[in-house]
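Reader: Could you walk me through this model, starting with how far I can trust it and then going through the parts in turn?

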Amino acid sequence: MIRITDTLDQASSYLPPADLELIQKAYVFSAAAHAGQIRLSGEPYLSRPLEVSYILAELKLDAATIIAGLLHDTVEDTDASIPQIIEQFGPEVGAIVEGVTKISKMNFESKEQAQAENIRKMILAMADDIRVILVKLADRLHNISTLEFQKEHKQRAIALETMGIYAPLANRLGLYRIKVQLENLSLKYLKPDIYAQISEGITRYQEQGQAYIDRVSAMIQELLLENEVKSRVKGRVKHIYSIYHKMKQRGLGLDQIFDMIAFRVIVSNLRECYTALGLVHSLWKPVPGKFKDYISMPKANMYQSLHSTVIGPDGERIEIQIRTEEMHQLAENGVAAHWAYKEQGSKKVQDEDRFSWLRQILDWQGDLKDSRDFMSTLSLDLFQDEVYVFTPRGQVKELPEGATPVDFAYLIHTEVGNHCTGAKVNGRIVPLNTPLKNGDTVEIITDASRNPSRDWLQFVKSGKARSRIKHWIGTEERVRSLALAKELLEKEGRKLGINVGKAIKNSEFEAAAKDFSFRQVDDLFSAVGHGRITARQVLRKLLPKDEQKEETRTAEPVAPKPPTGRDAISIKGADDVLIRYAQCCNPLPGDPIIGYISRGRGVTVHTQDCPNVANMEIERLLDVSWGNQEENAKVLPARIKVICRNQRGMLGTISGVLAAEGVNIDSGQFTSSVDGLSELDFLIEVKTTSQLYSIIDKLRNIEAVQEVRRFATG
């Protein structure tokens, strides 16, 4: 367990005594606030803020950040308050703690929405002070480091969130060491078998390959010394998640990953970086297409280095990274390496360019009112690698990998994107869905009479482009839905003897809007136009009370017996709606689900993480949930893929597990590959997701099985 003396020792190398005294004072405050609290591991709760403060001190962050790390849980978990913190430690610390404080006290309709709003708040807090996310990342690193004391479902949920948001954020901020730990620990809980396999493989490789690493390091060092280039060289085996990502990306087994070793060469200055690169290439043949110059074209987080893969001694593929000491510090600690200390106490981060992506997120997040849409768009911007292109004037612009001219147009300006009608790449007219490549020069052709197309959502890659297109479409959809709603209301009003125009003029619909939980009458009308509520349901509210009762008796049938299984869907604010199930994701009872109004076909139900949901109109999405569940619910199709060693009796073993669980196999397809693995695709019949995942867990326990996963039936 980390002690306060460890944090103080770490911070004393760069902070003055006065700051160390303030950190000590914060420790005493935190210890008093958390007195008597115990973690699941049995350790005092104080161990958590101490670990967080130590991580921040390792990054050489300022006193305010380390103090905030010690106090970050006090407001949520103890009687301490922000005013108390401001009084004792100043407004700077108070603002960071407030930014980090969780929003568990806020009310949301779902866990997914709560998580999305938490992330949105965190992104907004970053705009005011980037130290908020630094404390949050340190907190998450400690959290995932102690997951063994949590229940299995909690471990998976935290690991998924970490891999989806926090690791990409650490990457964007250039916090390489934190990113690596977050990715490795997440993989440990998401895919424990694969994690163990790669971990064992790395251990064996290190035992056998350390002599090779030492030999190559000495060869590089000697080569550079002979040419009067001072350097230090360090060889290492790549980290676990990096190897897993490469295996998954290329469809390879662990024994097929050849470039597992990377060497870092640290030189004195920029000129020597390119000198060292030339010398290495003169010694070993470079692999075509495996050279990247991040010095002349830095990454979005301002990472700089030369990367080249070469055929080293004994025919081994090795990666060489060449950088200066300053570049190395930035590569390891990212934003923390650029922390500037000012006498006035105002601490800002140098190199504003490194946060251009954050400004873009802040720019488009205001247009995204729906939390799900915000999360999907944020993930797009965090996960993508970069491609660098030029404007006709020679300016460099950074876009996500796979970006198109439409993404480029919206990066230049929203109006350029909205009126984009064509594009020239390297002087040639190309389709708007053409993926851009590094070094392309892009020119956008506009027409004031042209507007965004919904089809663009199928190929744009940047968060800004997606949000702007959806915002424009949403605005247009709302105008059309309001016009349609008034037409439907007037038509239905004539049947009920209600003058809709007069009712609108006299504000009679305001009470109806409140009854349906809408803030404005236009929101109510929009719901009618999109088919979420019928015109008759709304107009009933305008009838006198006695006529409402009579209308209800004549219009509404007796409620049938509650359905079960997949028929048991509850839709907020809608009755007697035709339900369909999406074949792209094949939802099962127990899955988190969402509804989408399909014109003329009722409501289509998708799983909430279905990739197609990201491209849907937000105003046509509905909150739906599974209703009554019973043991005698009807069986439903589910498809699973089993990857296992190709050995005798495996099909029988897997079939035996399924039979023991009372599951029928509807069909199967089996293929084997040259690496000794087999893929078995089964279409089985289950009742709920809990039954399905129980089966998956049992299949994973078979010794020869490497991976089991569920995928859609469509």
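What follows is a conversation about the structure shown above.

Author: This is a predicted model, in which local features need a pLDDT of at least 70 and side-chain atom pairs count only at pLDDT 80 or more, while totals for chains, interfaces and linings use all residues. Residues are numbered from 1 along each chain as its sequence is written, and side-chain values use heavy atoms, with hydrogens and water left out.

Reader: OK, what does the chain average in pLDDT?

Author: The chain averages a pLDDT of 79, and 79% of the residues score at least 70, where pLDDT is the predictor's confidence in each residue, from 0 to 100.

Reader: And where does pLDDT stay under 50?

Author: One such stretch is residues 339–352, for which the model has 29 contacts beyond four places in sequence, a contact meaning heavy atoms within 4.5 Å. Another is residues 552–564, with eight contacts beyond four places in sequence. Where pLDDT is low, the predicted coordinates should not be read in detail.

Reader: Fine. How many helices and strands does the chain have?

Author: The chain has 27 helices and 20 strands; these are DSSP runs numbered from the N terminus, with helices being H or I over at least four residues and strands being E over at least two. Of the 714 residues, 49% count as buried, that is, under 20% relative accessible area, with exposed meaning over 50% and partly exposed in between (1.4 Å probe, protein chains only). Among contacts between residues at least 6 apart in sequence, 67% join residues at least 24 apart.

Reader: Let's do sheets. In what order do the four strands of the open sheet come?

Author: The order is β12-β14-β13-β15, with mixed pairing, and two strands pair if DSSP finds at least two bridges between them. The edge strands, each pairing on one side only, are β12 (579–581) and β15 (621–622).

Reader: Which senses do the pairs run in?

Author: β12 and β14 (residues 602–607) pair in the parallel sense over three bridges, and Y581 stands opposite V605 in β14. Six bridges join β13 to β14, which run antiparallel, and the bridge partner of I594 in β14 is H606. β13 and β15 are also antiparallel, over two bridges, with Y596 standing opposite L621 in β15.

Reader: Is β13 covered on one face or both?

Author: Both faces of β13 are covered, with I593, G595 and I597 buried on one side and I594, Y596 and S598 buried on the other. Six of the six residues in β13 (residues 593–598) are buried.

Reader: What about β4, what does that strand pair with?

Author: β4 pairs with β3 (residues 285–293) in the antiparallel sense over five bridges, and with β5 (residues 317–324), again antiparallel, over six bridges. In the hairpin of β4 and β5, which has five residues between the strands, D314 takes a positive phi near 65 degrees.

Reader: Switching to side chains, how many aromatic pairs are there?

Author: The structure holds five aromatic pairs, where rings of Phe, Tyr and Trp (its six-membered ring) pair if their centres lie within 6.5 Å, and planes under 30 degrees apart count as stacked, over 60 as edge-to-face and the rest as tilted. One of them is F29 with F89, whose ring centres are 5.7 Å apart with planes at 90 degrees, so the pair is edge-to-face. F29 lies in α2 (residues 17–33) and F89 in α6 (residues 82–89), so the pair ties together parts that are 60 residues apart in sequence. Both F29 and F89 are buried.

Reader: Last one: how far apart are the end C-alpha atoms of α20?

Author: They are 47 Å apart, which agrees with the 50 Å that the 34 residues of α20 (residues 463–496) should span at 1.5 Å a residue, the expected span being 1.5 Å times one less than the number of residues. Just after α20, G497 takes a positive phi of about 75 degrees.
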